[in-house]
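Please read these notes with the model open. They cover a pocket, a surface patch and one further residue.

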Amino acid sequence: FALVGKEPSDTTRFSDLAAMIELMHTFLCKEDEASPGRMDIKKVLKKTLPLLDGGFHVGGLTGNGIGFVFRDAHGIRPSYYYVNDEVVVAASERAAIRTTFNVGENQVKELMPGEALIMDENGEIEVAQILEPKERKACSFERIYFSRGSDEKIYKERKALGYNLSEPVLDAIKHDLKNTIFSFIPNTAETAFYGMLKGMENYLNRVKVERILSWGKDYDDEKLKEMINRRIRVEKIAIKDVKMRTFITEDVSRNEMVQHVYDITYGTVRPGEDTLVVIDDSIVRGTTLKESIVRMLGRLQPKKIVVVSSSPQIRYPDCYGIDMSKMGDFIAFNAAVELLKERKNTDLLTQMLDRCKDLARNNKLHEENVVQQLYKQFTATEISAKIAQLITPPGLKVPVEVIFQTIEDLHKACPNNLGDWYFTGNYPTQGGNKVVNKAFMNYMEGRNVRGY
């Protein structure tokens, strides 16, 4: 944990990890004083972890050779481990362990909420319940985006996310598959794309069967061959030239960078005739879409562009390990604010700020999520339509539509990861409410800083 020969930076000194280390160090010292030479790491963890609010999967090692890994009580962050006669290993992704040690899925165990994996100085291994487990709120964004898709369960879930979107997409294109091209934003949306494609193929197959049955005996070989050979039109439209995740890039370089990350495949679209449907895993800021992708797709002159998000609208900050904590960064929030302005109801923002300040004065900022009041003013469809306007570059004459995953279908696709605070604002801990309220106050007061 130490940086040898170097003073810790302000970032290191005031990070959540630094605070955690300080707490553990305090209790480790007290335990060593009380029982010299007989360190009880479980006792140390039981004193430390109840003081922490958030999501975590943390590993550590003491000076006398005790290793440990622990997980938060809600299971917000993923945690897996594998033990054999030679090694004890833990990681936040099951697939990483399976690939490294070439083992089966059932050999890699999940460290359950509130548990700790402990190996003492003699190599004895124990899984102990440190915190009382609370309602499981495993992060759904891990399944949508962050965890690697080589895990078989995550792969199936991402395909299900795409499949769930096939019906609303069919409605958006008026079921006109003949004049629609399907593609994806590389690289993390590819698996969801296969799921959406499966939904389209199922629909097309139903149409084929119905049409053929309706003919009775009134068909010839040519007519039958034409119907059977109909396919979903798929093209690789967007090409990612640089392997970067642009929504976690530093703000100062982001706008310039996104204009050079993607390129398009020319000659794939019939201008003015074909609708383009492209799926992405999520839409956070919308900058990449507006500055790069939608602008480039417009050069192909499609009849319409439909942007599909395999996740719901990201409306709220995260404070459990993913650094998305500024309200002004979320295009869904900006869309809601724009709608307020159009309806001349911006007084609501002032009322919300006053409520946050009142809660802060009374040390109750953690008791409610004030920002939820904003989104209650509009339907998800209204916000989606405004987002479509916001991601449309100036001067683009091609109509743009945006379709988001619903919360209900997200839960169906990822039934074991129901942590959905990014989308609903229902934080599993009180610290989440405090962060979202502080992030809103920062936005209203013009402070471009984190909410925590």
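1. Start with helix 18, which supplies 6 residues to the lining of the largest pocket, the largest share. Keep in mind that this is a predicted model.

2. How big is the largest pocket? Its volume is about 1,100 Å³. The lining holds 34 residues. Closest to the pocket centre are Ser15, Asp16, Asp53, Cys319 and Tyr452.

3. Which elements give two or more residues to this lining? They are helix 1 (10-13), helix 2 (16-34), strand 1 (57-61) and helix 18 (430-444).

4. By class, the largest pocket is lined by 14 nonpolar, 12 polar and 8 charged residues.

5. Now the surface. Val83, Val88, Met119 and Ile125 make up a nonpolar patch there. Together, these four residues have about 250 Å² of accessible area.

6. Ile125 sits in strand 7, which runs over residues 125-129. Its relative accessibility is 37%, so Ile125 counts as partly exposed. The partly exposed class lies between the buried limit of under 20% and the exposed limit of over 50%.

7. Is Ser384 buried or exposed? Ser384 counts as buried, because its relative accessibility is 11%, and buried means under 20%. Ser384 belongs to helix 15, residues 380-390.

8. How far is Ser384 from Asp329? In sequence, the two are 55 residues apart. In space, their C-alpha atoms are 16 Å apart.

Notes:
Residues are numbered from 1 along each chain as its sequence is written. This is a predicted model: local features need pLDDT of at least 70, side-chain atom pairs count only at pLDDT 80 or more; totals for chains, interfaces and linings use all residues. Side-chain values use heavy atoms; hydrogens and water are left out. Patches are made of residues with over 30% relative accessible area and no salt bridge: like charges are joined within 9 Å, nonpolar side chains (Val, Leu, Ile, Met, Phe, Trp, Tyr) within 5 Å. Accessible areas come from the Shrake-Rupley method with a 1.4 Å probe; for residues, only the protein chains shown count as cover. A salt bridge is a side-chain nitrogen of Lys or Arg within 4 Å of a carboxyl oxygen of Asp or Glu. Helices (H or I, at least four residues) and strands (E, at least two) are DSSP runs, numbered from the N terminus. Buried means under 20% relative accessible area, exposed over 50%, partly exposed in between (1.4 Å probe, protein chains only). On a 1 Å grid over the protein atoms alone, a cavity is a set of points where a 1.4 Å probe fits but cannot get out, and a pocket is an open set with protein on both sides within 12 Å along at least five of seven lines; lining residues have an atom within 4 Å of a point. Grid points are joined across faces, edges and corners, and a volume is the space filled by probe spheres set on the points. Ala, Val, Leu, Ile, Met, Phe, Trp, Tyr, Cys and Pro count as nonpolar, Asp, Glu, Lys and Arg as charged, and the others, Gly among them, as polar.
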